[in-house]
Amino acid sequence: MTAMLAAYTAVISARYRMLLQYRTAAFAGILTQLFWGAIKVMVMAAFFQYSTQSQPMNLAQVVTYIWLGQAFLGMLPWNTDREIEQQVREGSVVYELLRPVDVYFYWYCRTIALRTATTTLRSVPIFIVAGLMLPAMGLDAWKLSWPPDLTALLSFMVSMAGALAVAVGFTNLMHVTLVYALSGDGINRIMPSVTMIFSGMVLPLPLFPDWAQTFLNWQPFRGLVDVPFRIYMGHINGAEILPAILHQFVWGLIFIAIGRWMMQRSLRRLEVQGG
Amino acid sequence: MIAALQLYGHMMVMSVKGQMQYRLSFFFLTLASFVTTIIELVGIWALFDRFGSLGQWQLYHVCFFFGIVNAGFAVSDALTTGFDQMGTLYIKNGQFDRLLLRPRSIALQLFGHELALRRAGRLLQAVLVLIWSGFQLQGSFHPLAPLILLFAVTGVICLFVGLFILQATLSFWTVESLEVMNTVTYGGVETAQYPLAIYNRALQWFFIWIVPLGCVAYFPVVAALNLTDPLGTPWLFQALAPSAGVIFLALSLLIFNRAGIRHYTSTGS
């Protein structure tokens, strides 16, 4: 058991260190994300400027939500592991089956590295620019605010682990889909857009129409963005925190259950491409 | 010139035939491009549902901007696959030498690389949105609106084609194309979906004088819809502003040919 666990942690750390090598790409990405964040902030500021009634979130909260979104963009299930994709297409996925580890969890570990490595590189500079430099430049209205208290900060950190569980579970489900269905490639191109809107990346979920809120509260993707970010700014607070975090981990486990079941089913009738 | 266009037409026909061999893949890629754009639209709709209006701008105004920009972007994106993939397909492995040997211009060969039909998803959606918002705006159009809007879409296409050419030009130096250019391409589409007047001064200046996105989308739409421009520009300027897109394309091609191709050194053996 411990030997098994050591193998999995080795996979995570090796992949993580490998992915950290792409630093120039990460820094180019940061510029793009700062620009993107600034545009979104200006659009939201314009809407709030003309708004007369009170909204479910104020401008400062929406702005913080936008910047956090840019900082942790890499954690969203927006892409898949290229090597896994290639292995499935070329048929070398059979080598994966020979390894003395469970393929599902082996891929799960690779996915943990995929979702965390670039995020580590990208998030810190965005916190520095949006959280420290913008207020120093006198642009207080556009800044990324800090958590209001220690409870918010600590529960945010736990909730980010929950967001990672949802993100990795779902990304790995996309990997399994590649094996499961031959046209999985097409489905995987559509899913990232769906997760973008339902996570809150396109627009903070509380700003969607009131009639949609019940559905939005149940669906899994709010665990990626909406839950951790609102905990960060104290918008989800007190007794609401625990159920929200629980919601994330339950969905994370459901994705594992579905993914592993699909993986085992498809391995029984696996057809390897190529010769 | 005519011979070049004939050749280009022939290449496009071949490209379409080729893509039609993989119908299911084409269907999914088109669907994906449709879904990606509809996400943006849902976001815009939800914002207006929550806030009512954006000052003088209503949902149908913003939808009109969205339609013009996305229609133009979809077309330019479909035309420029060759430029988009130039770094990986031609520069990295020295294949660019072969393009140089052929008795046709490099730009023509790259334009002829592929007509990416999968972008039709975005185009279809843009057209649907334009029709819907056009109906909402019935009666407020200027008599010359069809001409101005046609000019606007042409301007948008030229501007984005120009940007994709510049992105390719950069890859003569960097080999892989740079993600930074996404700020003005995809970021430009995102920006131009909303009226230019709502943005910060510096950004307005950038999108009028450096990357003239405001000139090809915002100003002509304001002119065609008979709106008062909060920026205070005269009508004639607004109606003629899309020429900036054409000029931008001409300059991009010049830079590509003069600076880019001249800088190319082969990786060949």
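The following questions and answers concern a predicted model and the packing within and between its chains.

Local features here need pLDDT of at least 70 and side-chain atom pairs count only at pLDDT 80 or more, whereas totals for chains, interfaces and linings use all residues. Residues are numbered from 1 along each chain as its sequence is written, and chains are lettered from A in the order in which they are written.

Student: Which helix supplies the largest share of the side of chain A that touches chain B?
Tutor: Contact requires C-beta atoms, placed from the backbone, within 7 Å. By that criterion, 27 residues of chain A are in contact with 31 residues of chain B. On chain A, α2 (23-50) and α8 (184-199) each supply at least two residues of this side. The largest share, 13 residues, comes from α2(A).

Student: How are α3(A) and α6(A) oriented, roughly parallel or roughly antiparallel?
Tutor: Axes are lines fitted to C-alpha atoms over the stretch in contact, with angles from 0 to 180 degrees between N-to-C directions. The axes of α3 (residues 59-71) and α6 (residues 103-136) of chain A come within 8 Å and cross at roughly 150 degrees. Angles under 35 degrees count as roughly parallel and those over 145 as roughly antiparallel. The crossing therefore makes α3(A), relative to α6(A), roughly antiparallel.

Student: Which residues of α3(A) make the contact with α6(A)?
Tutor: On the α6(A) side, the contact is made by A:R122, A:S123, A:I126, A:F127 and A:A130. The residues of the contact divide into five nonpolar, two polar and one charged. From α3(A) come A:W67, A:Q70 and A:A71.

How values were computed
Contact = placed C-beta atoms within 7 Å. Helix = DSSP H or I, 4+ residues; strand = E, 2+ residues; numbered from the N terminus. Parallel < 35°, antiparallel > 145°, perpendicular 65-115°, else oblique. Nonpolar A, V, L, I, M, F, W, Y, C, P; charged D, E, K, R; others polar.
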